[in-house]
Each structure stands twice: as C-alpha cells, then as structure tokens.
Amino acid sequence: MENVHHFHEFDAIVVGGGGAGLMAALYASRSVRTAVISKLYPTRSHTGTAQGGIGAALGNLEADKPEWHAFDTIKGGDYLSDQNAADVLAKEAVEAVVELEWMGLPFDRNADGTIAQRRFGGHTNNETKKPVRRACHSADRTGHMILQTLYQNCIKEGVKFFDEFQVIDLVFNGDKPCGVEAVSLDTGQVHVFHAKAITFASGGWGRVWSVTSNAHSLTGDGPAIVWRHGLPLQDMEFFQFHPTGLYPLGVLITEGVRGEGGVLINDRGERFMERYAPTIKDLASRDVVSRAIYLEVQEKRGVNGREYVHLDVRPSTVNRYLAEAGEDRRIDEQYILEKLPDILDFCHTYAGVDPVKEAIPVAPTAHYAMGGIPTNVNAEVLRDGKGTTVPGLYAAGEVACVSVHGANRLGTNSLTDLIVFGRKAGIQMAEYCQQADFIPLPHDPGRSAVVALEQLRKSSGKTKPHTIRRRMQQEMMAKVGVFREEKMMQEALDLVRELKEQFQNDLAIDDQGYRFNTDLMEAWELGCLLDVAEVTAASALHRKESRGAHSRDDHPDRDDEKYLAHTVAYPRNGTVEIKYDRPVDLSLGYEPKERVY
Ligand SMILES: Cc1cc2nc3c(=O)[nH]c(=O)nc-3n(C[C@H](O)[C@H](O)[C@H](O)COP(=O)(O)OP(=O)(O)OC[C@H]3O[C@@H](n4cnc5c(N)ncnc54)[C@H](O)[C@@H]3O)c2cc1C
C-alpha cells in the first residue's frame, strides 16, 4: 500500500459540493478558513438536476404568506414535520430567494419584473384551498442555476475546493470529531483533513432502489459513515417515490409539468386523480399521487396493460381542462417550449416521445430521502432523541433530517431546505470555529480509510459488486417501495443482511490499482448502500402504521397515539435498534388531522 498521508488543516470542512454544501461553505468562509471536499466536481452535484423550482411565499402573482407555506409543509409531511423547523423554512425562504437573486441567479420574470412563480403539488392558499403559485423558477433548470450561482460566489469568497476527493471516514478523538479522511480519486492516496467543524452535505441515496431519479453518485456515504461511528439515523423509512418518473428508466419528469397544467390519464382516458384528490387533483402531494398511479396499474388501468400511466401536457388537453375549471389561461406549443425545454429534451432522448404531440409514459421513481442524519434547526448533529448535540458536527441538505419534511416532502421544498439550513450550518460552523480550539488528531489518523480500502482491494471472492447491488435494488423496489407489508419487508431485510455477508466474505474486485479505481470506489459505495438499506428496511418494518410515504397494506391507517414520533435507529452490536424517542415538535399548534386534498 502506498501508505502516504497528506495532511491539511482548515477551520471548517464541508463534505459535499451540492446546494447545501456550497451554501454552508459560502457562509463559513466569510469568517473562517473553509474547504469543500467533493467526490464530484461541485457543479455536477445532483442539485444541478433540480428542475421545477424553489418554494417561497413571495406572493408575486397572488396572495400567499409564509404561514400558509409552513402549514402546507406540515400537512404534506403528514404531521411528522417538526413545526418549529417548518416555521424557520417558510419564514427564511423569502429572504433566501431574494438573497439568491442578489447573488445573480437568473430567475424567470413576470411582466412587472418580479420573480415568476408556478404551481406545485400541495402548495395552497389555506383559505380557498386552491393551488397557489409559490415555486420560483428558472425555466426547468432551477437547480442548475442555483449551483452555478453558489459556486461562483464560493470562488469569489476564496473557498478551497478538493474536487474528486471521496470522504471515507470521520476522524474522532475520543467522542469528539476532529477531521475527515478522504481518498484522492486520481492517485488513490489517503488525505487527512484536520478541522474544528465539519458539515455533512453529501446528498441522498436513491440508488438503494432499482428505479430512481437519482444520479449514480447518490449512495448514502454520509449516513453510512456516521452510523459506523455509533450515531443514529432518523426517519429512514420515509423515502419519497416521485409519481412521474419517465417509464421505464425513472428519469424525473418535474411536477412543474403538472404545475403548468399537465394531467395524469389512465388507459381508459380518465383523469383519475379526480377520484383520489377531488380538490387539487393532479397537484395532490407526491405520496398520494404515487399511490394512485400504483393502484390504477394494479387495477389493470395502466396504459396498454403495462405498469405506467400517461402524463399529458399537450396544449389541446391542457386547454380543455383549463376551460373546464373556468380558468382564463390558455397555453400553446411555444409556451411549453419556453417553460419546459429540458423536459422535452429528456423525453425525446430517453423515450423517443415529443410531449407537445404525445403523452409521456410515467411511473413512480425513488426520489428523495426525508430521513437522514438527525439535526436541530441550527443544523447541529444529534446523538440521541433527547437532542444532545455532537460538538463541531453539522449536517444540511438531503442528508440531514431536521425534520422539516416529515413523512413526505412537498415539491420545491428541498431547494429551500438546502439554502435555509445550509446557511445555518455555515453560520454555526463559523461561530463554533471562532470560539473552539483544534482537538488534536489521534495517533495514526487516516488509518481507518487505508485499512477499509486495502481490505476491499484485496477481496478475492467470486461475487461482483454489481451483482449484489442489483439484487439489493430490486428487492428494495419490490418490497420496501410505494406499498409495503410485514412479510415482504422482513424478506427484504433478511436478504439485505445476507448480501452484507456476501459483500464481506465473497466480493470480487477486478481492478487492484490506485489511479481512478472506480471499481474499488463503487464497491466501497455499495457497502454504504447496504448499511442504509438495512436501516431503512428495519425502520419500515418497525413502524406499524401508514403515514406519508410509508404506506402499509397491513396497517393502512395513521396511528398518532403510537407513532406521532420520529423513528430513531441506533447501531447496537451490529444490528439496528429502533426507538421512538424523539417527539415531534408541535409548537405551531397544528394538531394532526386527516389529510384531504
Ligand atoms: C432529478 C431531480 C430533480 C429535482 N428537482 C427538485 C426541484 O425542482 N425542487 C426541489 O426543491 N428539489 C428537487 N429535487 C431534490 C433536490 O434537488 C435534492 O434533494 C438536493 O439538490 C440535494 O442537495 P444536496 O446539496 O443535499 O446534495 P447533492 O446536490 O446531491 O450533492 C451531494 C454532494 O455530496 C458529494 N458527496 C457525496 N458523497 C461524498 C463523499 N463520500 N465524499 C465527498 N463528497 C461526497 C457529492 O460530490 C455532491 O457534491 C430534485 C432531485 C432530483 C434527483
């Protein structure tokens, strides 16, 4: 082994260069020495693929207010959202969007020069119950614009970037985090980063499932790393299936398509959402729409008897429904070309479909992690359900569970979350670094990463990583997916445990080299995916109710008496211990009610 260690020292380290990481780095760098470590070039992070928009109650086109945004978030989250967190999100969203605008983000505009807004699922006028235009957007490339804008601002502030460096472990001295270990992908060498404060902003883990909108890089490295250090993970059973993945690949077709007037149609030509959500129909929250599609398919109303339905955004169809709803607005081909250019491109490239002339085949796709590393509203990582923090450790963005999205996230609220809580992490890191000293590194830092990678490199078993990954993904899709049930989840959990053993004892690695060894890194990521899949299946099995994205055939109702609490999974003796020891914050006073859309 080229057992060479390179040492670096920064006050603040951010793991991940997506929206959350860049926002945290931007704020920290204004007062302390800050570095971002990212396995991808930052502008290739998944944030760059976010299409539809960022939610903020600007009220530019019609009445809207942060209180409604907070309530919609809580209702959308099926009352598992922490209400103090939803309050922070909704209030600070307005300022955050204005801040992005000032940083140079080119939002679409209204005729009067204000930021354009569109409809999105679950966002309503709380008085009339009608959909409200809250999603600020830049065509269907909002995330791309956010990422570029933040990256440019980070460069301006002198943030140091370590691109194509993959973080493999946290370094602890006793129970105090004091740095990270990362492998430089071009040389295979391990680098140690000594730091006072560390923020995890490493994104989601859609790659646990076989059909997903998520990039290949979303493998749950962050949660796996903290889990292996004995820290808990929260609400892991709540993983969102977005209703409109392009069939069969799962590439995301933004909810913005429905926001612009697109409708879901089954094999009989029915707009079936009228039956499932009579008031806001196709713009009901995602869990509701995904289940509706699933049920239509089960009841043999999938298009051509297959496992998909149609998303129809052809101007003739949209205009017919707009007229029926008594709206004045009409759209034409040009409008679709302007508002949804990338979607037209994806449909053409991946399905050979032209949405202006044909309906788009869609089915649910694994999309977003509501759960993750537990934090409080200041992005501080928690070590238990009582709220004890881990000094110097923060998490923000999709990897974190604040928990603002509860059991189901509303569209556009993730981008808002990145900006609002990414900023909190940055501010907190800066404050912490200014008053804290460096904790000395332990003896031989970097060793754990070297050992972990060497063990993998020397694997001499028979099973290729992709074989294990495929089996895990298919099992999780079939059994811990849109609908769940005891026996199936138990089978999935058993299989994941079996696959973990196979991973440890019978792995075959083709490439033993050091430079850009993607074979090795994919194997390491598979280890993370397996850990995350195990915690997800165990958390799902344990929660015997249906709430938001966690929907059980055997327990179809929500049970607030027993389960109005966050699931906190703790690593104990190589297995998963589940507790419901973190109560849901109800400080805005919204009592759980049945969700009707
Ligand atoms: C196709 C798609 C469309 C979406 N559209 C919207 C939308 O319109 N509105 C909305 O609100 N939300 C949307 N979402 C959700 C939202 O985009 C994501 O939740 C959000 O961008 C996540 O941002 P992040 O900063 O947490 O992580 P990411 O942007 O995923 O970035 C993760 C970063 O972590 C780094 N990283 C990971 N592991 C390691 C490691 N081990 N070492 C070093 N670096 C590491 C990566 O290099 C990357 O830089 C969409 C998601 C998808 C997939």
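Trainee: Does Cys178 count as buried or exposed?
Mentor: This is a predicted model, in which local features need pLDDT of at least 70, side-chain atom pairs count only at pLDDT 80 or more, and totals for chains, interfaces and linings use all residues. Residues are numbered from 1 along each chain as its sequence is written, and side-chain values use heavy atoms, with hydrogens and water left out. Buried means under 20% relative accessible area, exposed means over 50%, and partly exposed lies in between, using a 1.4 Å probe and protein chains only. Since Cys178 has 0% relative accessibility, it counts as buried.

Trainee: To how many disulfides does the count come?
Mentor: A disulfide is a covalent bond between the sulfur atoms of two cysteines. The rule used here asks for a pair of cysteine sulfur atoms within 2.5 Å. By this rule the number of disulfides is zero.

Trainee: How far from Cys178 is the nearest cysteine sulfur?
Mentor: Cys178 is in no disulfide, and the nearest cysteine sulfur to it belongs to Cys433. Cys433 is likewise in no disulfide, with that of Cys178 as its nearest cysteine sulfur. The distance from Cys178 to the sulfur of Cys433 is 13 Å.

Trainee: How many aromatic pairs are counted?
Mentor: A pair of aromatic rings is described by the distance of the centres and the angle of the planes. Rings of Phe, Tyr and Trp (its six-membered ring) pair if their centres lie within 6.5 Å, and planes under 30 degrees apart count as stacked, over 60 as edge-to-face and the rest as tilted. By this rule the number of aromatic pairs is 14.

Trainee: Why does the pair of Phe10 and Phe162 have the name it has, and which name is that?
Mentor: The centres of the rings of Phe10 and Phe162 are 5.8 Å apart, and their planes stand at 80 degrees, so the pair is edge-to-face. The pair links distant parts of the chain, with Phe10 in strand β1 (residues 5-15) and Phe162 in strand β6 (residues 160-163), 152 residues apart. Here strands (E, at least two residues) and helices (H or I, at least four) are DSSP runs, numbered from the N terminus. Both Phe10 and Phe162 are buried, and the name of their pair is edge-to-face.

Trainee: What is the pair of Tyr247 and Tyr308 called?
Mentor: The ring centres of Tyr247 and Tyr308 are 4.7 Å apart and their planes lie at 35 degrees, so the pair is tilted. Tyr247 is in the loop between β11 (239-246) and β12 (251-252), while Tyr308 is in the loop between α8 (286-298) and β14 (309-312), 61 residues apart. The word for this pair is therefore tilted.

Trainee: Which residue is joined to Tyr247 by a cis peptide bond?
Mentor: Most residues other than glycine have a negative phi, and most peptide bonds are trans. In this model, another cis peptide bond joins Val402 and Ser403, with omega about 0 degrees. For Tyr247, omega of the cis bond is also about 0 degrees, and the partner is Pro248.

Trainee: Which side chain makes a polar contact of 3.0 Å with that of Lys39?
Mentor: Lys39 is found in the loop between β2 (34-38) and β3 (54-55), and at 19% relative accessibility it counts as buried. A polar contact is a pair of N or O atoms within 3.5 Å; within protein, one must be able to donate a hydrogen and the other to accept it, and residues adjacent in sequence count only if both atoms are side-chain atoms. Lys39 makes such a contact with the side chain of Thr219 at 3.2 Å. The contact of 3.0 Å joins Lys39 to the side chain of Asp221.

Trainee: How many residues of helix α5 are buried?
Mentor: Helix α5 covers residues 221-228 and is mostly covered. Its buried residues include Asp221, Pro223 and Trp227. Of the eight residues in α5, the number buried is seven.

Trainee: How many residues surround the ligand?
Mentor: A residue is near a molecule or strand if one of its heavy atoms lies within 4 Å of it. Ser45 is among the closest to the ligand, and an N or O atom in its side chain is 2.7 Å from an oxygen atom of the ligand. A nitrogen atom of the ligand is 2.8 Å from a polar backbone atom of Val167. The number of residues surrounding the ligand is 39.
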